[in-house]
Amino acid sequence: MGRIVSSNSTNNEEKNNYQEPFLKNYNVSFKESEKVLVDEKNELKIYPNPSINNSTIEYYLPQPSEVLISIYDLKGNEITKLNNRNIHESGNYKITLELNNYPSGVYIIKMRTNQGIISNPLIKQ
């Protein structure tokens, strides 16, 4: 069962489950994918990359875990934090990342789970 949540939502219950992003007009949608991966380690994919307007962050969890995804600029400044306070069940998840408010450049997407940290670059054209 997946959930789609928008950080611009007026539903207070959804806002209480997610931290507010640092950038204004930033939308994020979480949904569980039907695709099943058999790997036993966390996985993080970003596509399309490079991107102009939107990218998808797809991640796989082999076991239930809390998930914190942060976006950093190349100076190491955290510019956005996506934090679902609920435990994610094992499986494949996707986040649609709208990049309209991001200036062109390279960003680092970092995912922290109970199993460790994974990071990948994202290029915004």
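The text below takes the aromatic pairs, then the strands, then the surface.

This is a predicted model, in which local features need pLDDT of at least 70 and side-chain atom pairs count only at pLDDT 80 or more, while totals for chains, interfaces and linings use all residues. Residues are numbered from 1 along each chain as its sequence is written, and side-chain values use heavy atoms, without hydrogens and water.

The structure holds two aromatic pairs. Rings of Phe, Tyr and Trp (its six-membered ring) pair if their centres lie within 6.5 Å; planes under 30 degrees apart count as stacked, over 60 as edge-to-face and the rest as tilted.

| Pair | Centre to centre | Angle between planes | Class |
|---|---|---|---|
| Y59 and Y93 | 5.5 Å | 20 degrees | stacked |
| Y102 and Y107 | 5.2 Å | 90 degrees | edge-to-face |

Y59 in strand 3 (residues 54-61) and Y93 in strand 6 (residues 91-98) are 34 residues apart. Strands are DSSP E runs of at least two residues, numbered from the N terminus. Y59 is buried at 1% relative accessible area, and Y93 is buried at 10%. Buried means under 20%, exposed over 50%, and partly exposed in between (1.4 Å probe, protein chains only). Y102 and Y107 are buried too.

In strand 4 (residues 65-73), seven of the nine residues are buried. Strand 4 pairs with strand 7 (residues 105-113) in the antiparallel sense over seven bridges; pairing requires at least two DSSP bridges. V67 has T113 in strand 7 as its bridge partner.

I123 lies in strand 8 (residues 116-124) and is partly exposed at 36% relative accessibility.

Key:
Helix = DSSP H or I, 4+ residues; strand = E, 2+ residues; numbered from the N terminus.
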